[in-house]
Amino acid sequence: MSHINTANLVIPEDISSSWQNNINLIAEIMSIPTALIVDTQKDKARAVKSNKNAWSSYNISKSRAKNKDLCCWIEDEHIMLAEQDKLTPGSDTFLSHESWSDSCQGLLIKWPNGNVFGTICIWGKDVYSPKFCYQELISSFRNSIELQLSILYQKEKLKNTNIELRNKVVARNHDMDMVNGYLEQEIKKRQRAEEIIDYLRWHDIRTGFLNRHALEKEVTKLAKKAQNNTQFDAVIHINFINGLLIQEQTDSITWKQLLIQFDRKIKNKGNDKIITSLPTSADLVLVVSDLKDQSDLDDLCKHIVQSSQSTFVIDRKSFHLNAYIGVCTTKDTLCPNSLLKFASKVALSSKDSGQNYRYYSQDLAIFSSDTQEMESYLLKAIRDNDLLLHFQPKVCTKTGAWIGAEALLRWRHPTMGDISSETLINIAEKNGLIFEIGRFVLTEAVKKGTKWVEWNSEFKIAINVSVVQLNSLEFVQELEHLLITHQLSAKNIELEITESGIVIDDIVMEKSLKRLRNLGVTLSLDDFGTGYSSYDYLKKFPFNALKIDKSFIEKIDECRKDQEIVRSIIGIARAFNMKVTAEGIENKKHEEFIVSEGCEYGQGYLYSKPIPSNEFEYYLYRQVILQEH
């Protein structure tokens with residue numbers, strides 16, 4: 001509680017009026033000239049009220065310079081009485097004096113807290129000793145004044161209490177505001193922390209892609225929505241063959257930055273209905289909603305392939321992605337687990353077939369389920385010599401002569417019929433049979449070439465070689481041993497390496513290619529233009545021939561862009577002093593175009609499809625005989 005300075009309290013008008021009336025009454029009853037109420041709280045005592053009777057002898061408005069100019073005042077809480085300029089100590093009781101003439105009497109007035117307010121003084125000449133009733137009258141008046149001062153004091157005390165309470169409320173409200181502000185901040189921090197925890201629960205922290213759990217949840221929502229949707233949705237599984245290798249050569253941070261760049265390229269055409277997920281470290285899964293028709297999905301898959309074949313730069317280093325894509329749609333199944341599983345299996349089959357992307361089909365599902373059984377059959381076929389080679393001629397576009405042949409591996413599956421070379425090689429690479437198959441192809445091709453070069457010394461046998469074989473230090477030695485054993489010159493061997501299978505910066509492969517080039521073997525970059533770093537390969541590796549991929553030839557008679565691409569590839573080959581072969585020549589228009597552009601060699605169904613070795617040998621021999629005559 002704050003201290004109350006009673007000296008500063010103002011006497012209200014109604015109290016002041018009652019004091020005046022009482023002073024007047026006392027003076028009249030006692031028939032004295034002067035009755036005063038004196039305030040002694042300040043430095044100088046002052047009369048605040050004096051009687052106003054007709055015989056009043058005191059002028060309250062007159063300035064009092066000294067305390068003794070009053071009839072009584074307070075010193076150290078004692079009443080000081082004035083008698084003929086002489087000070088007489090008194091007390092707080094009604095006083096008498098031997099000489100009543102020109103004398104002063106008074107009573108102390110106090111505040112409730114004990115502070116002295118002042119005195120009630122009476123002063124007169126030739127006045128008889130005051131009666132007892134007069135004493136009671138003045139004492140009652142004093143009590144009345146003290147009661148009024150008590151009320152005034154209590155009001156001030158209440159006022160101060162209210163002010164203090166109000167200040168405390170304001171302070172408490174301020175404190176509460178601060179506490180509420182702090183709590184609000186803490187709540188927001190906690191909500192943000194919970195949001196982050198919830199985000200991390202469903203997302204990969206470095207890429208922001210959905211994780212496996214979120215992917216399953218999203219595909220479940222997609223399947224439910226598709227039940228009542230006229231449009232259809234798709235799950236696209238993207239497998240990166242060189243994903244783990246890039247992570248081993250760099251780190252996971254660089255790999256994920258690479259995936260972020262790849263995702264941006266996919267979505268740079270406003271594909272806002274694509275949700276990206278990273279279920280494993282080397283795979284992306286895209287959830288695509290509201291596809292209007294099959295052409296939308298075809299365009300998207302082609303765009304993804306083109307994006308994967310781009311060059312990505314991170315910390316001034318160039319990277320490339322080798323992606324195979326599997327697609328399953330809500331037209332195929334509405335089961336969320338099946339959508340994911342089928343897309344994943346189709347991606348693997350796309351990799352095995354050498355296709356950039358592939359759609360789910362029931363036949364493909366049966367094929368995938370029989371893969372393990374087929375691998376067992378393949379192992380048995382290798383050991384039982386059930387594999388065989390077909391040959392497709394390479395033709396001089398100017399003369400029509402068969403100047404070489406591409407050896408293509410074939411296997412007649414007991415239940416699934418003929419299996420292509422690409423499928424066999426991809427299966428063999430996965431289960432470790434590639435070296436046995438590669439050895440078989442090299443041996444059989446060299447044997448056939450030994451005989452055919454007798455008819456044409458410049459005849460070349462082209463053999464597809466797996467990157468896995470090239471990464472083996474024994475491959476060059478094995479080929480050199482075969483050539484010596486069968487007495488075939490290295491110039492009659494052409495090794496075709498598919499550019500989509502090349503992993504850039506593979507030092508072992510680069511050394512193998514240089515050793516083969518030094519051996520005298522022709523090195524051909526197969527499917528040129530479909531990979532992601534065609535020109536880099538021409539500079540980095542010692543190729544001396546290239547093959548234009550058939551995808552650029554098949555529509556060359558109607559697609560101007562393909563014409564320009566083929567024209568550019570032929571120009572590049574000339575600049576590098578390389579031989580160039582065009583695949584997929586199926587009609588005369590194809591042939592006329594490549595001849596007009598200066599392409600030396602062609603290969604395709606216009607000349608011959610791949611045929612068994614005995615048939616090939618028959619037609620080759622007939623051609624030699626006809627040329628001699």
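Predicted model: local features only at pLDDT ≥ 70, side-chain atom pairs only at ≥ 80, totals over all residues.
Residues are numbered from 1 along each chain as its sequence is written, and side-chain values use heavy atoms, without hydrogens and water. Local features need pLDDT of at least 70 and side-chain atom pairs count only at pLDDT 80 or more, while totals for chains, interfaces and linings use all residues.

Phe 240 and Trp 255 are edge-to-face, because their ring centres are 5.6 Å apart and their planes stand at 85 degrees. Phe 240 is buried at 2% relative accessible area, and Trp 255 is buried at 1% (buried means under 20%, exposed over 50%, partly exposed in between, with a 1.4 Å probe and protein chains only). Ring pairs also join Phe 391, Trp 402, Trp 452, Phe 459, Phe 616, Tyr 618 and Tyr 619 into a cluster.

Turning to charges, the structure holds 23 salt bridges, each a side-chain nitrogen of Lys or Arg within 4 Å of a carboxyl oxygen of Asp or Glu. Lys 225 pairs with Asp 290 in this way, with the closest N and O atoms 3.3 Å apart. Lys 225 is partly exposed at 34%, as is Asp 290 at 23%. In contrast, Glu 496 and Lys 394, joined by a salt bridge at 3.0 Å, are both buried. Lys 547 and Glu 583 form a salt bridge at 3.0 Å, and both are buried. A network of salt bridges links Lys 394, Glu 406, Glu 494, Glu 496, Lys 547 and Glu 583.

Conventions. Phe/Tyr/Trp six-rings, centres within 6.5 Å; stacked < 30°, edge-to-face > 60°.
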